[in-house]
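Here's a quick walk through one model, with an eye on what packs together and what pairs up. Have the viewer open as you read.

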Amino acid sequence: MGDLVGYSALVARINGVVSPVTRRNVGRRWQIATIRGAKIRVPRRTGNLGRTIHEGEATDVSASVLVSADYAAAVELGRRAVDIYPRPGRIGRNGRPAALAWGGSRRLSGSLRTGSSPTTFARAVHQPARPGRPFLRPAALEALEQEAELLDVVVDAWNGAA
């Protein structure tokens with residue numbers, strides 16, 4: 001194979017494209033594009049969910065995007081219906097079993113404002129299922145479709161290995 005003109009340069013270029021460094025750079029670019037797209041798509045109320053989107057580990061085999069808010073999966077995938085009851089053994093002011101209370105003037109965090117009191121009470125609450133509002137998966141798929149940035153890494157590796 002040594003007689004073939006340009007064979008060694010071709011082998012060097014192919015090795016440059018499939019090297020672990022190139023694969024890690026492609027994964028890193030995809031990871032950054034996914035984070036950018038997810039922060040744009042994330043449903044906003046307080047902005048907390050968007051602030052918790054960050055990069056995970058990027059290796060030559062995988063790259064991860066992490067969302068550290070504890071409710072991220074419920075937003076992305078949806079949630080099943082739940083019934084909410086007061087904790088067992090709790091007694092209300094009137095000596096009867098405790099009730100759930102909500103309403104009144106509240107902050108965005110959900111806590112009551114100073115001087116406000118709850119306006120609605122119940123012994124049990126049924127919350128219906130909520131559909132998902134995906135933001136992470138569509139961002140990853142769009143980042144993969146916009147392959148110009150990923151292609152630049154491969155082209156640079158190809159040209160740099162010659």
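The largest nonpolar core has 10 residues: Ile35, Ala38, Val42, Leu49, Ile53, Ala69, Ala72, Val75, Phe135 and Ala139. A core here is a set of buried Ala, Val, Leu, Ile, Met, Phe, Trp, Tyr and Cys residues joined through side-chain atoms within 4.5 Å, where buried means under 20% relative accessible area, exposed over 50% and partly exposed in between (1.4 Å probe, protein chains only). Helices α2 (20-41) and α4 (72-77) each supply at least two residues of this core. Helices (H or I, at least four residues) and strands (E, at least two) are DSSP runs, numbered from the N terminus.

A word on ground rules: this is a predicted model, with local features needing pLDDT of at least 70 and side-chain atom pairs counting only at pLDDT 80 or more, while totals for chains, interfaces and linings use all residues. Residues are numbered from 1 along each chain as its sequence is written, and side-chain values use heavy atoms, with hydrogens and water left out.

The cut-off is a side-chain nitrogen of Lys or Arg within 4 Å of a carboxyl oxygen of Asp or Glu.

| Salt bridge | N to O distance |
|---|---|
| Arg23 – Asp60 | 2.9 Å |
| Arg28 – Glu55 | 3.3 Å |

Arg41 counts as partly exposed at 33% relative accessibility, and so does Glu142 at 29%.

Arg23, in helix α2, and Asp60, in the loop between β1 and β2, are 37 residues apart. Arg28 is in helix α2 too, with Glu55 in strand β1, so that pair joins parts 27 residues apart in sequence. Glu55 is partly exposed, with a relative accessible area of 40%.

Glu55 has a strand partner as well: Val65 in β2 is its bridge partner. Strands β1 (residues 53-58) and β2 (residues 63-67) run antiparallel, joined by four bridges; strands pair if DSSP finds at least two bridges between them. A hairpin of four residues connects β1 to β2.
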